[in-house]
Amino acid sequence: GDGGGGVGPRRRRTRGRTRSRAAAAMEAEDNRNVDWVSSRGVWLFYVLLVAGFRLALWALPATVVSWPLGWTLTHIAHFLAQFFGFHWSKGTPTSDVDQGAYNELTFWEQLDRGRPWTATKKFFVVVPVILFMITCHATEYTAAHFVVNFPLFLLLVVSKLPEMHRVRIFGLNKTAGID
């Protein structure tokens, strides 16, 4: 649409290209929804949160949660939190401020204004890689744990690649009228 009440996202014409409202908004202003992730101390807090979860599981009796199972559960919990927090949730809770400019973008796509391979994005790629490696080692590379952990790891890391920016596989997580 041209912004005149038509169906579809509003587009702005610049230098022969068409840009969405989200692209224009990302260039023009800060996004309070995601800017905090690059703030000082967030990375340390994130690592401590993952470690704290693992320590909480470790505190349970070994008859309830064994050492390998604890690492697999940590890996699963990390996957669920990161996948649904970063790659599934769309828009911003402050849509009244940004007028819905980010409704079509996931948290990950909004991060660092959509630029690939920034320090923040690299950090959030490295953490699942390291966690997967630790989990594989702690589970002694057993097939039962690997079958659970590897697909989750693969899905999480592939979803972070720049080639997956704004890609909705099989239409999953597609927003009607926007994507």
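Student: Fine. What is the average pLDDT of the chain?
Tutor: This is a predicted model, and its chain averages a pLDDT of 85. A score of at least 70 is reached by 79% of the residues.

Student: Which element has the lowest mean pLDDT, and which the highest?
Tutor: Strand β1, residues 11-14, has the lowest, with a mean of 49. Helix α8, residues 143-158, has the highest, at 98.

Student: And where does pLDDT stay under 50?
Tutor: Over residues 1-6. The model has five contacts for that stretch beyond four places in sequence. Where pLDDT is low, the coordinates should not be read in detail.

Student: OK, the fold. How many helices and strands?
Tutor: Eight helices and two strands.

Student: Which of its residues are buried, and what do they pack against?
Tutor: The buried ones are His145, Asn149, Leu152, Phe153, Leu156 and Val157. The buried residues of α8 pack against α4 (67-88) and α7 (119-138).

Student: What does Thr74 touch?
Tutor: Leaving out residues up to four places away in sequence, Thr74 touches Val50, Phe53, Arg54, Leu57 and Leu131.

Student: Switching to charges. How many salt bridges are there?
Tutor: A search of the whole structure finds two. One joins the side chains of Glu104 and Arg166, at 2.2 Å from N to O. Glu104 sits in the loop between α5 (95-98) and α6 (107-110), and Arg166 in the segment after α8, so this pair ties together parts 62 residues apart in sequence.

Student: How accessible are Glu104 and Arg166?
Tutor: Glu104 is buried, with a relative accessible area of 6%. Arg166 counts as partly exposed, at 36%.

Student: And the other bridge?
Tutor: That one is between the side chains of Glu109 and Arg168, at 2.9 Å from N to O. Glu109 lies in helix α6 and Arg168 in the segment after α8, so the pair ties together parts 59 residues apart in sequence.

Student: Are Glu109 and Arg168 buried or exposed?
Tutor: Glu109 counts as buried at 4% relative accessibility. Arg168 counts as buried at 17%.

Student: Last topic, the surface. How much of the accessible surface belongs to carbon and sulfur?
Tutor: 66% of about 10800 Å².

Student: Which residues form the nonpolar patch?
Tutor: Leu80, Phe84, Trp88, Val167, Ile169, Phe170 and Leu172. Together they have about 720 Å² of accessible area.

Student: Where does Ile169 lie, and how accessible is it?
Tutor: Ile169 lies in the segment after α8. It is partly exposed, with a relative accessible area of 43%.

Notes: Residues numbered from 1 in each chain as written. Predicted model: local features only at pLDDT ≥ 70, side-chain atom pairs only at ≥ 80, totals over all residues. Heavy atoms only, no water. pLDDT = per-residue confidence, 0-100. Helix = DSSP H or I, 4+ residues; strand = E, 2+ residues; numbered from the N terminus. Contact = heavy atoms within 4.5 Å. Buried < 20%, exposed > 50% of the residue type's maximum accessible area, 1.4 Å probe, protein only. Areas by Shrake-Rupley, 256 points an atom, 1.4 Å probe, with all protein chains shown as cover. Patch = residues over 30% accessible without salt bridge, like charges linked within 9 Å, V, L, I, M, F, W, Y side chains within 5 Å. Salt bridge = Lys/Arg side-chain N within 4 Å of Asp/Glu carboxyl O.
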